[in-house]
Amino acid sequence: MKLIIAIVQDEFSNKVIKALMNNKYRTTKLSSTGGFLKSGNTTLLIGVEDGEVDKVIDIIEKECKDTKVMKGQDEVTVGGANLFVLDMEDFRKL
Ligand code: 2BA
């Protein structure tokens, strides 16, 4: 199994969760804050079978796009989603 940690811009998070739910994927939503911009984003935890990873990434990609924001005088491009895909040793529901 894999654990996908998806850091999503807040404005896309509801659509991403809805699309994942519609495709029967379970998610946990955490409120998070970017270290650089110090503004809110959303971290999603999504546990899936190995063969489902690409489908989940496709769903997230369809709902997110990068955005330009200003930090002082500088323009910064914030990714619609930043994903980490981790090997999951075990998953138990107790
Ligand atoms: P933030 O840390 O608030 O970063 C927002 C955007 O600012 C980043 O977009 C990037 O374009 C820029 N940025 C970040 N650190 C920078 C730096 N030291 N110098 C110049 N520009 C910098 P993204 O890369 O798309 O990241 C969006 C959010 O995803 C980040 O928000 C952070 O919460 C998370 N993130 C991205 N990469 C990460 C990583 N390697 N580890 C943990 N979290 C990460």
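**Before you start.** This is a predicted model, in which local features need pLDDT of at least 70 and side-chain atom pairs count only at pLDDT 80 or more, while totals for chains, interfaces and linings use all residues. Residues are numbered from 1 along each chain as its sequence is written, and side-chain values use heavy atoms, with hydrogens and water left out.

**Stop 1: the whole chain.** Show the protein chain as a cartoon. Its secondary structure comes to two helices and six strands. Helices here are DSSP runs of H or I with at least four residues, strands are runs of E with at least two, and both are numbered from the N terminus. Along the sequence the pattern reads β-α-β-β-α-β-β-β. The C-alpha atoms fill a box of roughly 50 × 25 × 20 Å along the principal axes. Now colour by accessibility. Of the 94 residues, 31% count as buried. Buried means under 20% relative accessible area, exposed means over 50%, and partly exposed lies in between, with a 1.4 Å probe and protein chains only.

**Stop 2: the ligand shell.** Which residues surround the ligand? They are Ile7, Gly34, Gly35, Phe36, Leu37, Asn41, Val76, Thr77, Val78, Gly79, Asn82 and Phe84. The shell divides into six nonpolar, six polar and no charged residues. In this scheme Ala, Val, Leu, Ile, Met, Phe, Trp, Tyr, Cys and Pro are nonpolar, Asp, Glu, Lys and Arg are charged, and the others, Gly among them, are polar. Strand 5 (74-78) and strand 6 (81-87) each supply at least two shell residues. The largest share, three residues, comes from strand 5.

Stop 3: Zoom in on the ligand's oxygen atoms. A polar contact is a pair of N or O atoms within 3.5 Å; within protein, one must be able to donate a hydrogen and the other to accept it, and residues adjacent in sequence count only if both atoms are side-chain atoms. A polar backbone atom of Gly79 is 2.6 Å from a ligand oxygen. A side-chain N or O atom of Asn82 is 2.9 Å from a ligand oxygen. For Gly35, a backbone N or O atom lies 3.2 Å from a ligand oxygen. Taken alone, the ligand exposes 750 Å², and the protein buries 52% of that. These areas come from the Shrake-Rupley method with a 1.4 Å probe; for residues, only the protein chains shown count as cover.

**Stop 4: Phe36 and Lys71.** Show both side chains. The charged end of Lys71 sits over the ring of Phe36, 4.9 Å from its centre. That label needs NZ of Lys or CZ of Arg within 6 Å of the ring centre and within 35 degrees of the ring normal.

**Stop 5: Ser13.** Go to helix 1 (residues 10-22), where Ser13 is placed. Is Ser13 buried or exposed? Ser13 counts as buried because its relative accessibility is 4%. The side chain of Ser13 reaches the backbone oxygen of Asp10 at 3.0 Å.

**Stop 6: two lysines.** Most residues other than glycine have a negative phi. Select Lys24, in the loop between helix 1 and strand 2 (28-33). Its phi is positive, about 70°. Lys24 is exposed, at 72% relative accessible area. Then select Lys38, in the loop between strand 2 and strand 3 (40-48). Phi of Lys38 is also positive, near 60°. Lys38 counts as exposed, at 64%.

Terms used: A residue is near a molecule or strand if one of its heavy atoms lies within 4 Å of it.
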